[in-house]
Amino acid sequence: MITIENLEKELKSNNLKSLYLLYGEELFLLESSLKKIKALFGDCMKGINFISIDETNVGELIANIETPAFGYEKKLIIARNTGLFKKEGKRKNVELTKLKEKIASYLQENIKLINESIVLVWVEEGVDTKQELYQTMEQLGTICKFDVQKPIQVQKRIKAICNGYKVQIDDGTLRYFIECCGTNLQDGINEIRKLIEYVGENGKIQKEDMDQLTIKKLESIIFDLTDHLGKKEIAKALEVLKNLIYAKEPIPKILMTLYYHFKKLYFTKLAVKSNKDMIKSLSLKPNQTFLVTKYKMQANYFQEEELRDILQSLRDLDYHYKSGRIDLQVGLEAILCRYCS
């Protein structure tokens with residue numbers, strides 16, 4: 001198993017291997033590495049020295065490996081979401097199991113041929129590390145798991161992009177950027193490019209620029225709304241809500257997100273009270289741990305009983321809305337006004 005960073009270094013130094021297995025949730029980095037592999041490979045003529053394989057034609061993989069790439073030194077085969085690396089359920093597919101074993105044996109027996117004439121890249125959503133085909137790839141090829149990046153890793157990549165364009169961004173502003181835009185790299189890169197264009201070469205990105213130009217995640221906006229609610233700033237809280245609705249954010253989704261946000265604030269209150277681990281109590285993923293401080297800060301705005309009341313009010317609103325007794329927007333505004341009074 002190789003890390004994402006080491007795979008990127010290998011590809012940057014033009015070191016192209018013959019067998020790859022790329023999988024995981026961080027699709028932006030995975031697809032970026034795949035593009036680099038294709039670029040290193042060179043010109044691709046579909047059907048001759050470039051073959052696409054998926055679950056519908058994976059049975060033709062061995063035949064494609066053995067067919068010469070007429071007029072070319074090597075052949076690139078990209079096998080995407082073939083289903084061969086998935087963990088099988090209780091009812092095993094006999095034909096699929098036989099195919100897995102056949103391909104694993106073939107790779108082991110013909111690795112010399114593959115190294116001389118083939119670049120085979122498996123691209124999968126998830127894998128079963130205990131199966132024979134995975135272990136064969138581990139023995140013969142390069143495996144890289146693309147995990148969702150942690151905030152510190154995203155910050156490092158965003159900082160590198162800014163440096164590349166000679167644009168400054170300090171650490172505090174960078175953390176605020178992650179809070180606003182989340183840790184999805186594709187979204188983050190799209191937003192930072194917008195900011196880079198705005199401030200220009202030798203410029204400096206400020207928090208105010210983000211507030212004006214970036215598309216904030218709904219979760220980030222809910223944090224803003226809760227800040228106003230905690231500070232009893234009713235006009236600002238209502239403005240945030242109306243801006244969400246104006247941006248065509250579905251009101252039921254706003255209600256659900258608001259409910260789960262206050263549920264986390266309630267759990268934060270209980271965790272602090274009983275001295276429990278905050279990350280486990282809130283079921284935060286590794287790329288969400290930076291939110292602990294914000295949850296703690298916002299939980300301080302409310303008493304435990306207040307949070308219970310807000311949660312109950314949101315549940316009641318959902319029930320009355322579904323039974324046709326109240327307009328959802330009016331109900332949400334009423335709850336905000338009640339807890340800002």
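Charge here is assigned as positive to Lys and Arg and negative to Asp and Glu, while His and the chain ends are not counted; a salt bridge is a side-chain nitrogen of Lys or Arg within 4 Å of a carboxyl oxygen of Asp or Glu. The model is a predicted one, in which local features need pLDDT of at least 70 and side-chain atom pairs count only at pLDDT 80 or more, whereas totals for chains, interfaces and linings use all residues. Residues are numbered from 1 along each chain as its sequence is written, and side-chain values use heavy atoms, with hydrogens and water left out.

Lys 269 belongs to helix α13 (residues 251-274), where helices (H or I, at least four residues) and strands (E, at least two) are DSSP runs numbered from the N terminus. A polar atom of the Lys 269 side chain lies 2.9 Å from the backbone oxygen of Ala 299. Leaving aside residues up to four places away in sequence, Lys 269 touches Ala 299, Asn 300, Phe 302, Gln 303, Glu 304 and Leu 307, a contact being heavy atoms within 4.5 Å.

Glu 304, for its part, meets Arg 308 in a salt bridge between side chains (3.1 Å, N to O). Both residues lie in helix α16 (residues 304-322), 4 residues apart, which is about one turn of the helix, and Arg 308 counts as partly exposed because its relative accessibility is 38%. Elsewhere, salt bridges that share partners join Glu 5, Glu 8 and Arg 157 into one network.

The count of salt bridges comes to 15. One of them pairs the side chains of Glu 179 and Lys 294 (3.6 Å, N to O), and this pair links distant parts of the chain, with Glu 179 in helix α8 (residues 171-181) and Lys 294 in helix α15 (residues 292-299), 115 residues apart. Glu 179 has 26% relative accessibility and so counts as partly exposed, whereas Lys 294, at 14%, counts as buried. Another salt bridge joins Lys 216 to Asp 211, with the closest N and O atoms 3.3 Å apart; Asp 211 is partly exposed because its relative accessibility is 44%.

Helix α4 (residues 94-109) has 16 residues and reaches 23 Å from its first C-alpha to its last, close to the expected 22 Å, the expected span being 1.5 Å times one less than the number of residues. Its buried residues are Leu 99, Lys 100, Ile 103, Ala 104, Tyr 106 and Leu 107. These cover an arc of only 165 degrees around the axis, which puts them on the same side of α4, the arc being that of the directions from the helix axis to the C-beta atoms. On the other side of α4, Val 94, Lys 98, Lys 102 and Glu 109 are exposed. The cover over the buried residues of α4 includes β1 (19-24), α3 (61-66), α5 (111-117), β4 (118-124) and α6 (132-140).

In helix α2 (residues 27-41), the buried residues are Leu 29, Leu 30, Ser 32, Ser 33, Leu 34, Ile 37 and Phe 41. Just after α2, Gly 42 takes a positive phi of about 105 degrees.

Methods:
Polar contact = N/O pair within 3.5 Å; in protein donor to acceptor, adjacent residues only side chain to side chain. Buried < 20%, exposed > 50% of the residue type's maximum accessible area, 1.4 Å probe, protein only.
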